[in-house]
Amino acid sequence: MKTNGIVRGLTLAGGLLMGLAAGAQEPGVTDKAIKIGIFGPLSGQNMAYGFDVVNAAKMYYDKINKDGGIHGRKIEYVVEDDRCNANDLVAAVKKLVEQENVFMLNGGSCSAAVVAAKDYIVRNKVPYLMLNASGDGALFPPTDYIFGAFSISQYAVGGAMVEFAAKSLGAKTVAYINHDDAYGAWNLEGSKKDAEVNGVKLVVESVNPTINDVTAPFLKLRAANPDAILLVTYARPAALLIKKAAELGFNKPIILSVTGTASLNQLVGNVGKDALKNFYTQEVMIDSPGGDKLKPIYDMYKAAYPDLAAKPDHPQTYMPYGIPPAMSLVKALQDAGPNPTREKVLAALKTQDFDSGVMAGRLQFGPQQRAANRSTIFIKYDGTTMAPLPGVFTSRWTYEAK
Amino acid sequence: MSSSPLASATSGKRVLSGPAIAGLALAALLAVALPAFTTGYVIYIANLLLVFVVLCLGLHVVIGENGQFSMAHAAFYGIGIYASALANRAVDLPYPFAMLFGALVAGIVGLFIGALALRMRDIYLALATFAFGEAMQWVFANWDSVTNGPNGLRISPARFGPLEILSDKQAYPFVLFFCLLMIGVTVAISRSRLGRSFRAVRESEVAAMAMGIDVRRTRVVAFGLSAAIAGFAGGMFGLFQTFIHPDSLGFQTTILVLTMVVVGGLGSIAGAIGGAIVFGLISEVLRQAPQYQEIIYGGILILFMMYAPRGLFVFIGDRIREVRHGR
């Protein structure tokens, strides 16, 4: 009996010591707090992509802390400016990991810059959730440590558009205009499966993002007599193509990707209302920016940042994008249990599947899936009124190792 | 008032004072011992600063020594990065040779640009080299089969024999060594007959010609050497960084390097080195104050131009002399 008691006592002490040692090995985790590193463009010309996205993530963590934290621990965040620049982003990440000893990372609004940190993050085995960067270059081929595309994966942008054109507009032949670069190749690759399943014929024309005259590619596409045109481009080629379509009397549906404009008002200014008679735009959120379904997020922002909210240009368009990655991080920490380790958090992330109430579709990761969002809604826009259409359209693209 | 071309051209040698030597020795000791007492983040910044030191030395050769205006430095740097990374990846060239290959390719392109530059001066030369820089950024972003285009290029870890460089601390001794090597090379160029020719051409092409200097050749060589040094800096970048994106090789990088050289002191090697370190550190420190960094950055630049137009080190030297002479 006595021996058993001693053995039990020793086992308990050993267990406690091992537990303490394990806890001590986890950077950024104390009894009272879990330290995370946030980074985004807080200055410079790309600030509009991330400043309020970072603010949204911060306000969500503040709300979680106010509600009691995660398993009794508060979220303590350290924020760094990455200037949307690869060198600065890597500096920010290294500072957060090596100097601030954060448990995990949540940041990045610019896809090109986040890829620069990929090798470092993988080598150091730090769980990393992007903010609003698509970051496909860092997500695929999948690693155990990097999760992102909460806004949408480039691979899914075109596919969701094909789904909409086929199901809502009954299109059978679709003119598909993408860029002649890697992003264009990615979204076309993702669209092929949706076209095949829906029996849609894609007539593809790839243009340079800096194109000045779109007459030739447009005439080529019109000759194919498409039922709809999908513009999977940036703002400049998109505006030129919409204007050209109006000039040449093309009156079939034109569907613009989420990457096609940051401001619909600016688009109207560039192309005129007459060009938008049969026009649809893609949206990755559950509603148009500032719409009723997103009102709680905007109210939360006003309460958290009254001074900023009073300024005319705030909240910035992408502000709500900061909430889903923060939700994902909190959920992963909750699922990791009261003694979180990086391995437990990563395991939780790999099976994550939830509705954020902010983005159009469910946010899902999987054994090979590292891009959270593949769904969008579509909005009919006539230059004045935005009318979200029913239905959520999800790309069928999934990663397949080559 | 102004010195003669010959006098100015031969003014490369300066004797360091005792305190300056002590300061340099202390800085050298600090640089060598840095990894022992600091984090990988600090070492990453140090590595980046050392790369910028070499970039500034390159620009110093063409602007400071030779008096030609170049706005294409980011392009030569980019050529060095891509060429060394691709040489390392494609033919598994040992990394020091890959770096030399990067420098060679950049140097050859620099010679070509230098030859074109013979017909141009001042603002026209600046615009022409700016156009070349922009064109090269377009090439980096669109030559998919070679540069991986807008995806950016993953750089394989550098290898030195059996040693594979996988961290900033591992890379640091090599980056430091190559930086010191390039400082030595630049000093040697500056003190050589070629360096004197550079400065003679800078001061007066007519006087230089009268002294038998081949002005055209000198100008082309200055461009080539400057580009080669920038290309070598690109190779150094690949020692600790595993990814390059064309966005990092635009006009902003050229302006940053130009600012470093001007703030440090145009025409002085110490100025190029000091400008890179001081302005690189300021830029990193200002990352902590994102709301104000553009204003502070601009303010510092204006103050430098107003009160230290000949550069940081000349300004400090003048103040020290004033204190010594009790003024």
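How many salt bridges are counted between chain B and chain A? The count is 3, in a model that is predicted. Over all chains, a search of the whole structure finds 24 salt bridges. Chain B and chain A bury about 2500 Å² between them, with 46% of that area on carbon and sulfur atoms.

**Interface of chain B and chain A**

- On the side of chain B, 33 residues are in contact with 27 residues of chain A.
- Tyr41(B), Phe243(B) and Arg287(B) supply 24% of the area that chain B buries against chain A, more than any other three residues.
- Across this interface, 11 residue pairs are in polar contact, both residues being at pLDDT 80 or more.
- Helix 3 (40-65), helix 6 (122-142), helix 11 (215-240), helix 13 (269-286) and helix 14 of chain B are the elements that give two or more residues to the side touching chain A.
- Of the elements of chain B, helix 3 gives the most to that side, with 6 residues.

**Salt bridges involving both chains**

- Asp119(A) and Arg154(B) form a salt bridge in which the closest N and O atoms are 2.8 Å apart.
- This pair crosses between chains, from helix 5 (residues 118-124) of chain A, which holds Asp119(A), to strand 1 (residues 153-154) of chain B, which holds Arg154(B).
- Asp119(A) counts as buried at 12% relative accessibility, whereas Arg154(B) counts as partly exposed at 40%.
- A network of salt bridges links Glu80(A), Lys95(A), Glu284(B) and Arg287(B).

**Salt bridges within chain B**

- Arg199(B) and Glu65(B) meet through their side chains in a salt bridge of 2.7 Å, N to O.
- The two residues are 134 residues apart and link distant parts of the chain, with Arg199(B) in helix 9 (residues 193-203) and Glu65(B) in helix 3 of chain B.
- Arg199(B) counts as buried because its relative accessibility is 5%, under the 20% cut-off.
- Glu65(B) also counts as buried, at 5% relative accessibility.
- A salt bridge of 3.8 Å, N to O, joins the side chains of Arg159(B) and Glu164(B).
- Arg159(B) is partly exposed, with a relative accessible area of 39%, and Glu164(B) is partly exposed at 26%.

**Nonpolar surface patch**

- Ile302(B), Leu303(B), Met306(B) and Tyr307(B) make a nonpolar surface patch of about 460 Å².
- Ile302(B) lies in helix 14 (residues 293-307) of chain B.
- Ile302(B) is classed as exposed because its relative accessible area is 52%, over the 50% cut-off.

Technical notes:
Residues numbered from 1 in each chain as written. Chains lettered and ligands numbered in written order. Predicted model: local features only at pLDDT ≥ 70, side-chain atom pairs only at ≥ 80, totals over all residues. Heavy atoms only, no water. Patch = residues over 30% accessible without salt bridge, like charges linked within 9 Å, V, L, I, M, F, W, Y side chains within 5 Å. Areas by Shrake-Rupley, 256 points an atom, 1.4 Å probe, with all protein chains shown as cover. Salt bridge = Lys/Arg side-chain N within 4 Å of Asp/Glu carboxyl O. Helix = DSSP H or I, 4+ residues; strand = E, 2+ residues; numbered from the N terminus. Buried < 20%, exposed > 50% of the residue type's maximum accessible area, 1.4 Å probe, protein only. Contact = heavy atoms within 4.5 Å. Buried area = accessible area lost by both parts, 1.4 Å probe. Polar contact = N/O pair within 3.5 Å; in protein donor to acceptor, adjacent residues only side chain to side chain.
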